Amino acid sequence: MNTGLKNLACLATLVACGASASAATIYDNTGGVGAVPTVSNAGVAQIGDGATFAGTDRTLTDWSFEYFVSTGSAISGQASLYAVDGSGFPGSLLYQSSVANLSAGADENGYGTFINDGFTPFDLPEEVIWTVTFTGATESDTYGLLYAGGPEL
């Protein structure tokens, strides 16, 4: 896992809903796409980062990220979200998506959006680490997450 990749657009939107049923985005890293970090290797690769939140209104209702995969590839992905339990490393697993065929979800140029919205909303701890596990790549495939501008809080 590479938790040193700051500003990766993997937590594209986390939406918090308060008791008043109003919604506010607490982490939005979708402003201005920059470079596409790519990995080229066969097998399994895990890319991720962390996020720290202030306040107490931290109910996760939506989580999406943008990615790139080689056209014609058979790359799948699985998103995971962990609590940081005081060590700075992933601790308790909070959420894990089903494995999705990222290649099938990509457009003709290999770009796609993975939307993790099939879960029951839950409260986030102050600090989380997320990862995306890419599987099924061959040595000639490239894949990765799209960089965006800095997070908007």
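This is a predicted model: local features need pLDDT of at least 70, side-chain atom pairs count only at pLDDT 80 or more; totals for chains, interfaces and linings use all residues.
The largest nonpolar core comprises 27 residues. Within this core, Y67, L81, F134 and L145 have the most contacts. At least two core residues are supplied by each of the strands β3 (43–52), β5 (64–69), β6 (76–84), β11 (127–137) and β12 (143–145).

Strand β11 is largely enclosed by the rest of the structure, because 8 of its 11 residues are buried. Pairing was found between β11 and β3, which run antiparallel and are joined by 9 bridges. In this pairing, G48 lies opposite T131 of β11. Strand β6 is also antiparallel to β11, with 8 bridges between these two strands. Here Y82 has I129 of β11 as its bridge partner.

The contacts of F134 were examined with the neighbours within four places in sequence left aside. On that basis, F134 is in contact with G43, V44, A45 and I47, with I75 and S76, with L102, and with Y143, G144 and L145. One of these partners, L145, is, like F134, among the residues with the most contacts inside the core.

A polar contact of 2.6 Å links the side chain of T59 to the side chain of D123.

Conventions. Residues are numbered from 1 along each chain as its sequence is written. Side-chain values use heavy atoms; hydrogens and water are left out. A nonpolar core is a set of buried Ala, Val, Leu, Ile, Met, Phe, Trp, Tyr and Cys residues joined through side-chain atoms within 4.5 Å. Buried means under 20% relative accessible area, exposed over 50%, partly exposed in between (1.4 Å probe, protein chains only). Helices (H or I, at least four residues) and strands (E, at least two) are DSSP runs, numbered from the N terminus. Contact means heavy atoms within 4.5 Å. Two strands pair if DSSP finds at least two bridges between them. A polar contact is a pair of N or O atoms within 3.5 Å; within protein, one must be able to donate a hydrogen and the other to accept it, and residues adjacent in sequence count only if both atoms are side-chain atoms.
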